[in-house]
Amino acid sequence: MKVIFYSTKDYERSYFLNANKGGHELTFIEQALSAGTAALAQQHDVAVVFAGDDVSTAVIEELHVAGVKHIAIRAVGYDNVDISKAHDLGISVANVPEYSPYAIAEHAVSLILSLNRKTILAHTQVQAHNFSVGSLIGFDLHMKTVGIIGTGRTGSVAAKILNGFGCNLLGCDIKENEELVKSYGLKYVSIKDLCKASDIITLHIPLNTATKHLINKELFDTMKPGVMLINTARGAIIKTEDAIAALDNGTIGSLGLDVYEKEKGIFFYDLSKQKMEDEVLINLMDRANVMVTPHQAFATKEALGNISDATFYNVDCWTGGKRSPNEITVS
């Protein structure tokens with residue numbers, strides 16, 4: 001089968017090549033999938049897409065005309081894909097519902113530690129031969145209350161790591177994880193109670209109609225002054241304008257973002273020689289108490305291997321006429 005990969009980065013290719021046990025003919029392109037690039041899939045059976053690709057109604061129609069019969073999403077989220085339209089046109093869609101949860105959870109904790117202990121400022125000061133400590137005061141994580149919104153695989157790993165620091169854990173999820181309750185003392189509460197009680201809040205939920213802008217002014221108004229908020233999930237879970245207001249009034253003491261609501265066309269690209277046009281992102285990056293990383297939480301060797309293997313598992317299932325357990329159905 002002929003498989004085209006959109007939005008391909010150099011660091012991914014070796015993982016895809018190693019995972020291609022079925023001997024498929026692979027085409028790698030750097031361009032993102034869009035109405036302007038869909039025609040590049042001509043004569044390809046499978047299109048492999050990423051989180052930032054445009055897989056909307058019009059684009060799927062173009063993929064269908066090009067001959068694509070299967071869309072493989074090399075990510076967990078699929079809010080950028082019109083699943084219903086794909087099914088209407090006979091195109092099956094599968095995602096990678098899970099990969100190394102350690103990659104994401106560990107990055108979330110690294111953001112917590114970096115913000116708390118002001119690691120970036122410390123490095124900058126030392127490079128300037130300033131070895132004073134007065135501006136680097138943090139706090140012990142021990143006995144602090146951490147609220148984990150979403151206690152699936154990634155949230156569960158975050159809970160286990162944070163338990164190791166001696167944190168008190170609160171959780172909020174539609175499905176409770178009894179192991180976290182029994183083994184790590186996590187207590188399930190409502191999202192409002194979690195926001196009221198937490199010193200640190202970390203997000204580990206998917207983006208869908210129920211979670212878009214879930215973290216907004218209403219919840220910010222219930223949070224402790226100076227709360228730390230971490231998002232390694234999806235950018236639009238936080239209403240950015242409300243977060244900026246909460247930073248301005250001191251509700252958010254520090255903010256760690258590996259994702260951003262309007263990251264498309266920015267994250268995953270080297271824009272160092274261009275003028276940054278996104279004033280909201282500039283606002284965030286200019287703040288000493290905000291740390292932005294470029295959607296890199298997934299970027300570990302283990303996670304990239306998991307993603308590649310799962311992507312080709314889905315492709316091989318479709319090629320062999322079998323239904324992958326990762327195939328997405330219309331709800």
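This report describes the sheets, helices, pockets and aromatic pairs of a predicted model.

## Basis of the values

The model is predicted, with local features requiring pLDDT of at least 70 and side-chain atom pairs counting only at pLDDT 80 or more, whereas totals for chains, interfaces and linings use all residues. Residues are numbered from 1 along each chain as its sequence is written, and side-chain values use heavy atoms, with hydrogens and water left out.

## The five-stranded sheet

Five strands form an open sheet with parallel pairing in the order β2-β1-β3-β4-β5, where strands (E, at least two residues) and helices (H or I, at least four) are DSSP runs numbered from the N terminus, and two strands pair if DSSP finds at least two bridges between them. Its edges are β2 and β5 (92-94), each of which pairs on one side only, and the twist from one strand to the next averages 20 degrees. Within this sheet, β3 (residues 46-49) and β4 (residues 70-73) run parallel and are joined by four bridges, with Val-49 standing opposite Ile-73 in β4.

Helix α1 (residues 10-19) lies across β1 and β2 and runs at about 170 degrees to β2; such angles run from 0 to 180 degrees between N-to-C directions, the axes being lines fitted to C-alpha atoms, for helices over the stretch in contact, and contact means heavy atoms within 4.5 Å. Helix α12 (residues 301-319) lies across β1, β2, β3, β4 and β5, at about 160 degrees to β4.

## The seven-stranded sheet

A further open sheet, of seven strands with parallel pairing, has the order β8-β7-β6-β9-β10-β11-β12, and its edge strands, β8 (187-188) and β12 (290-292), each pair on one side only. Helix α6 (residues 153-164) packs on this sheet, touching β6 (145-149) and β7 (168-172), and its direction makes about 170 degrees with that of β6. Strands β10 (residues 227-231) and β11 (residues 252-257) pair in the parallel sense over five bridges, and Asn-231 stands opposite Leu-257 in β11.

The largest pocket holds about 1,100 Å³ of space; a pocket is an open set of points, on a 1 Å grid over the protein atoms alone, where a 1.4 Å probe fits, with protein on both sides within 12 Å along at least five of seven lines, and its lining residues have an atom within 4 Å of a point. Of its 41 lining residues, Val-76, Thr-154, His-204, Ile-205 and Pro-206 are the closest to the centre. Helices α4 (101-116) and α6 each supply at least two residues of this lining, and the largest share, three residues, comes from α6. The lining divides into 22 nonpolar, 13 polar and six charged residues.

About 540 Å³ of space lies in the second largest pocket, where Ala-51, Gly-52, Arg-234, Glu-263 and Lys-264 are the closest to the centre among 31 lining residues. Its lining divides into 13 nonpolar, seven polar and eleven charged residues.

## Aromatic pairs

The structure holds eight aromatic pairs, a pair being two rings of Phe, Tyr or Trp (its six-membered ring) with centres within 6.5 Å, stacked if the planes are under 30 degrees apart, edge-to-face if over 60, and otherwise tilted. The pair of Phe-5 and Phe-28 is tilted, because the planes stand at 45 degrees, with the ring centres 5.1 Å apart. Phe-5 lies in β1 (residues 2-5) and Phe-28 in β2 (residues 25-28), so the pair ties together parts that are 23 residues apart in sequence.

Definitions and conventions. Points joined across faces, edges and corners; volume = space filled by probe spheres on them. Nonpolar A, V, L, I, M, F, W, Y, C, P; charged D, E, K, R; others polar.
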